[in-house]
Amino acid sequence: MNKEKTISVGILANEKVEFQLLNNFQIEETKTILTKETYLASLNNNKVSVYSKGMLVAEAFEVVLAPISDNGTFILEQVTIGIDFHWEQQEVQQFSGALKLVQEENKVRAINLVGIEKYLQSVVSSEMSPHASLEFLKAHAVISRSWVLAQIQKKKKPAKPNKKTPASQDEHIIWYDSEGHNLFDVCADDHCQRYQGISKISSEKAIEAVVQTKGEVLAFNGEICDTRFSKCCGGLSENFENVWEPTYYPYLSKVVDSEYGNTTCVDLRKEKEAEQWITSKPYAFCNTDDPAILPQMLPGFDQQTTDFYRWQVVYSQKEIASIIKKKSAIDFGEVIKLEAIKRGHSARIIKLKIIGTNKEMIIGKELEIRKWLSESHLYSSAFVVDYLDFENNVPQKFVLTGAGWGHGVGLCQIGAAAMGEKGYSYKEILNHYFQRAEIENYFKLKISGSEH
Ligand SMILES: [Zn+2]
Ligand SMILES: [Zn+2]
């Protein structure tokens with residue numbers, strides 16, 4: 001009872017994996033002891049072969065090296081971080097727990113088997129700034145813990161569609177949910193949660209946030225919540241089913257992001273109300289220009305961007321037509337109108353009609369809209385459009401005024417950081433964004449152990 005859960009984190013996959021043991025480790029299968037030394041693993045007839053100074057010391061379909069003592073650590077060379085981002089780079093990283101080596105296609109996959117609390121200390125340190133308030137970090141620790149355990153739980157259930165293929169030529173409604181992993185629970189990159197081993201556990205506050213919330217998760221009906229979060233909701237949070245597959249989760253439903261809660265009777269699904277909401281700057285936790293809050297969000301956060309609560313993007317006819325053509329591979333001709341057909345509770349557009357001189361089409365959901373209307377991603381799909389400079393009834397200028405940053409479901413990071421600064425406790429922060437969810441200890445919940 002109350003045994004800490006071990007999770008498996010996929011760190012890297014290379015043809016050759018070089019690692020260094022900093023203490024004695026034991027091979028689980030053969031009980032062979034491997035001493036403090038540098039080793040090289042490669043594939044040989046579909047088996048993982050481990051060499052030390054050219055001598056073969058282990059060979060099996062999977063090799064698990066467990067530390068003999070609790071403080072055993074190992075080093076992995078050439079860990080790539082920030083895959084596909086402009087800051088992609090290779091690092092040497094240090095880990096505690098066990099090292100598992102398995103075949104993944106024609107590579108050796110290195111997996112770290114680590115206690116969840118240790119894992120979270122690294123995640124909270126890597127993802128959050130040490131300047132954040134302790135209560136905000138504690139809220140994030142609970143969310144990260146819930147998220148990773150929900151991923152493990154999800155694997156045991158029949159797979160839900162993570163994508164919908166478009167049904168017709170006139171309608172293109174699609175959503176993306178991140179795909180899970182087969183050989184391990186979570187990866188170490190931003191696809192799951194950024195985990196950079198124990199060398200990155202630098203912030204005392206992050207450790208404290210994890211320790212003080214040990215084992216705590218958000219649960220609903222006895223199940224661990226799939227805790228989503230995004231940067232800025234824009235004043236109201238969005239429902240899960242408006243962004244991903246059509247399943248209603250009571251704890252991932254509309255929240256008015258202020259202490260006045262649902263006394264604010266706005267229905268942003270109505271076009272008029274959405275327009276009024278987006279073109280004004282109503283009070284909300286995430287409506288802040290407090291310079292103490294923004295740097296809390298992410299280390300190295302781009303602080304040039306402070307207009308996340310309300311933003312504006314201006315396109316010429318030429319620009320918008322070419323972006324849509326490039327992103328959709330469809331020639332709409334000149335763009336005449338971008339019409340919101342259906343909005344969610346946060347005013348995010350779920351179905352958008354693009355009317356061009358050549359073609360009309362309805363697209364969705366929010367991420368697809370954001371992709372089609374920007375070289376990278378539009379901040380959010382909660383926007384209204386002003387059409388200017390008409391020539392032959394075709395607007396030559398489009399002004400998009402929008403609200404929020406990201407999908408807007410679950411916790412609003414900027415709002416939560418602001419709540420932390422205002423003195424709210426982590427429980428109050430979590431109860432605010434995940435209404436109807438309870439904070440429970442996962443030891444008390446029925447989740448089966450992961451099989452590693
Ligand atoms: Zn992943
Ligand atoms: Zn918000």
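Guide: The questions below concern a metal site and a sheet in this predicted model.

Visitor: Which protein atoms are the donors of the zinc ion (ligand 1)?
Guide: They are NE2 of His 181, SG of Cys 187, ND1 of His 191 and SG of Cys 192. These atoms lie 1.9 to 2.4 Å from the zinc ion, and the cut-off for a donor here is 2.8 Å, so they qualify. Along the chain, the donors follow the spacing H-x5-C-x3-H-C. Of the cysteines named, Cys 187 and Cys 192 are both buried.

Visitor: What makes the arrangement around the zinc ion (ligand 1) tetrahedral?
Guide: Four donors count as tetrahedral if all angles lie between 85 and 135 degrees. The 4 donor atoms here subtend angles of 104 to 117 degrees, and the arrangement is therefore tetrahedral. The ideal angle for four tetrahedral donors is 109.5 degrees.

Visitor: How do you know that β18 pairs with β23?
Guide: Pairing requires at least two bridges between two strands. There are 7 bridges between β18 and β23 (residues 394–403), so the two count as paired, and they run antiparallel. Within this pairing, Ser 316 stands opposite Lys 397 of β23.

Visitor: Why are β18 and β22 said to stand at the edges of the sheet?
Guide: The open sheet has 3 strands, in the order β18-β23-β22, with antiparallel pairing. Both β18 (310–316) and β22 (383–391) have a single partner strand, so each has one side without a neighbour in the sheet. From one strand to the next, the twist averages 15 degrees.

Visitor: Which strands does helix α6 touch?
Guide: Helix α6 (residues 317–328) packs on the sheet and touches β18 and β23. The direction of α6 makes about 95 degrees with that of β18.

Technical notes. Residues numbered from 1 in each chain as written. Chains lettered and ligands numbered in written order. Predicted model: local features only at pLDDT ≥ 70, side-chain atom pairs only at ≥ 80, totals over all residues. Heavy atoms only, no water. Helix = DSSP H or I, 4+ residues; strand = E, 2+ residues; numbered from the N terminus. Axes fitted to C-alpha atoms, helices over the stretch in contact; angles between N-to-C directions. Contact = heavy atoms within 4.5 Å. Donors = N, O, S within 2.8 Å, 3.2 Å for Na, K, Ca; no water. Tetrahedral: all angles 85-135°; square planar, octahedral: opposite > 155°, others 65-115°. Buried < 20%, exposed > 50% of the residue type's maximum accessible area, 1.4 Å probe, protein only.
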